[in-house]
Amino acid sequence: MKDGPSTRALRQQLSNLCSLFTLSLKMSNGCGEEEILEQATTSVRTLTSCGAVATLLTGDEGGLRSPDGATLARPALAEQLAYLDGADGPVTGTGSGWGMAYALEAIGHHAGYLVVGADGEPSPDELLVLQILAQQTGLALTTAVLHRRERETAGQLRTLNATLAEVNNRLAATVVDLERRRKVHETLTAVAASGAGEAGIADAVHRLTGLRVAAEDPFGNLRAWAGPSRPEPYPRLPARRREAVLADARRSPHPIRDRDRLIAVAQPRDEVLGVLALVDPAGQAGEHELFALQHGAVMLTMELAHLRALAETELRLRRDLVDDLLTGTDDVSALSRAEALGHDLRMPHQVLVIRWSDGPTENGLVRAVEQAVVRLLNTNALLARRPDGVVLVAPAPGPDERRRWSELHRAVGRSVRSTAGAIGVGGVCSTPTEVPKSYAEAQRALRVRLGSSSPTGVTVYEDLGIYRVLTLGEDNREVQQFVREWLGALLDYDATSRSDLVTTLWQYLEQGGNYDATARALLIHRSTLRYRLRRIKEVSGHDLGAVDTRLNLHVATRAWHILRGGS
């Protein structure tokens, strides 16, 4: 049985619907907007007698496009589409007798237009196919937009997740780093508060880093070591190279590497007080170890600055106390101040005046005396600087320690590399108020020592014997009168004839009447000495063989020598 026209039309319509259904599935199966429009324009010609003229996507800055995707310059057509404002409607300017713009409706918005044209108006079935095609294209565009947005959102989420993971990793690393820094800070702060000093700081940095640690003074001497294998002897850099390394370390805000060590300086201002070093020959120290070293150097700076301030304050207080003791102060105040400085003034003391004619500077002599007192007397020195020399207030030695002051003289001489020094030792004072008297006696003993034939060494006031009368202080009129009485004629003769009879007599008596020793001391011949001695007897009228005369002349010449300053 042959199909009639209506049957063929129905079959064609069913075929077109099936094709539209298949096209709908194909367009909704992950296609993009451009691909969907390409399939839609192709289906217009295959499913109807019409042809696709142009497409327009809402928001597409390219405007109208031809079926092959090229930009289409038809401003009149574009104006008509804008006028339709999202509705279907006939249009002109399509290049054919009939033109229609089908709105591509998306869910909730207008997606664009599909413009078709034909020589004549299509049949109702074709119009239905075009309308359904436009609807399916709009839905497919909606799905494509949703898929694209979903992919963009998923990409953004992946990027965000990666960013969050990176941030979390950095945050975790920061938390770990902060925890380690907190541990470093708390450990070193606790050490500083405990008063463990440089050794405690070095040990704490060693425990925090696992590396060996050395704390040095500005000259490279080891002050503290933490860790195994302490080097013996401790190596020191040459002075010039150490100065260069310290200069680099001072300029750097972070620790610097010097061969197998990382060093940081303890520098409160412009002066380097010390150095903290990590021994790291393998180069394994990282940021944490550098932070521990740098923080340890800060604590070492505080410790060394505190020690220096204490030392300077204690030194100033000691000097103030010595100055007050020498000029006179009450016992109660002196005892309490000395006790605060760790010095017991209740035990017997002696005052020493120390002078060195060559070799050390004043500061060098003070340091030498301080070191000798600490080493020999096992106590801190009570020192003051006076015009006549360095004054020391020291515990008096016991009966079996009579050689203590000679040992002090030798120790100071070794330190300053000169033996040309003299020490005058005053009498024993049992209370602080007696210190000025002992000081005056020490000055007298020093004057006697400097006025003797051997001006270097130690003279104790208690051993002066008769020579105490030669050092009565500033009021020496009686001594001068005594000298004038016994030596006046010789002094006048020397002044007028420019001779050295008094000097000759002094050396002769100092040498115990030994001709050879006296001649050597005066750098003259024995015959010249005998001539001078005859002139001394003639001018003075004194018999050098008489015991009393000889004693008085010896005392007078010693007094003369002391009064003229031992020159």
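Predicted model: local features only at pLDDT ≥ 70, side-chain atom pairs only at ≥ 80, totals over all residues.
Q: Why is Thr 41 called buried?
A: Thr 41 sits in helix 2, residues 33–47. Its relative accessibility is 9%. Buried means under 20%, so Thr 41 counts as buried.

Q: Which other residues of helix 2 are buried?
A: Among them are Glu 33, Ile 36, Leu 37, Gln 39 and Ala 40. Ser 43, Val 44 and Leu 47 are buried too.

Q: What does Thr 41 touch, not counting residues up to four places away in sequence?
A: Thr 41 touches Ala 52, Thr 55, Pro 67 and Leu 114. Pro 67 is 26 residues from Thr 41 along the chain, and their C-alpha atoms are separated by 6.1 Å.

Q: How do you know that the span of helix 7 agrees with its number of residues?
A: Helix 7 covers residues 287–327. Its 41 residues should span 60 Å at 1.5 Å a residue, and its end C-alpha atoms are 60 Å apart, so the span agrees. Just after helix 7 comes Gly 328, with a positive phi of about 115°.

Q: What span should helix 11 have, and what span does it have?
A: Helix 11 runs over residues 435–451. At 1.5 Å a residue, its 17 residues should span 24 Å; the end C-alpha atoms are 24 Å apart, which agrees. Its buried residues include Val 435, Tyr 439, Leu 446 and Gly 451.

Q: Why is Pro 228 called exposed?
A: Its relative accessibility is 52%. Exposed means over 50%, so Pro 228 counts as exposed. Pro 228 lies in the loop between strand 6 (222–226) and helix 6 (239–251). Leaving aside neighbours within four places in sequence, Pro 228 is in contact with His 206 and Arg 212. Asp 270 is 42 residues from Pro 228 along the chain, and their C-alpha atoms are separated by 33 Å.

Q: What makes the phi of Ser 229 worth a remark?
A: Most residues other than glycine have a negative phi. Phi of Ser 229 is near 55°, a positive value. Ser 229 is found in the loop between strand 6 and helix 6. Its relative accessible area is 56%, so it is exposed.

Q: What kind of peptide bond joins Glu 232 and Pro 233?
A: The bond is cis, with omega about -5°. Most peptide bonds are trans. Pro 233 also has its place in the loop between strand 6 and helix 6.

Q: Is Asp 85 buried or exposed?
A: Its relative accessible area is 68%, so Asp 85 is exposed. Asp 85 lies in the loop between helix 3 (75–84) and strand 2 (89–90). Its phi is near 55°, a positive value in a residue other than glycine.

Q: Why is the protein called more spread out than a compact globule?
A: The secondary structure comes to 16 helices and 14 strands. The radius of gyration is 56 Å, while the globule rule gives 24 Å for 567 residues, so the protein is more spread out than a compact globule. Along its principal axes, the C-alpha trace spans about 185 × 50 × 45 Å. Of the 567 residues, 43% count as buried.

Terms used: Residues numbered from 1 in each chain as written. Heavy atoms only, no water. Helix = DSSP H or I, 4+ residues; strand = E, 2+ residues; numbered from the N terminus. Rg over C-alpha atoms; globule rule 2.2 N^0.38 Å. Buried < 20%, exposed > 50% of the residue type's maximum accessible area, 1.4 Å probe, protein only. Expected span 1.5 Å × (residues − 1). Contact = heavy atoms within 4.5 Å.
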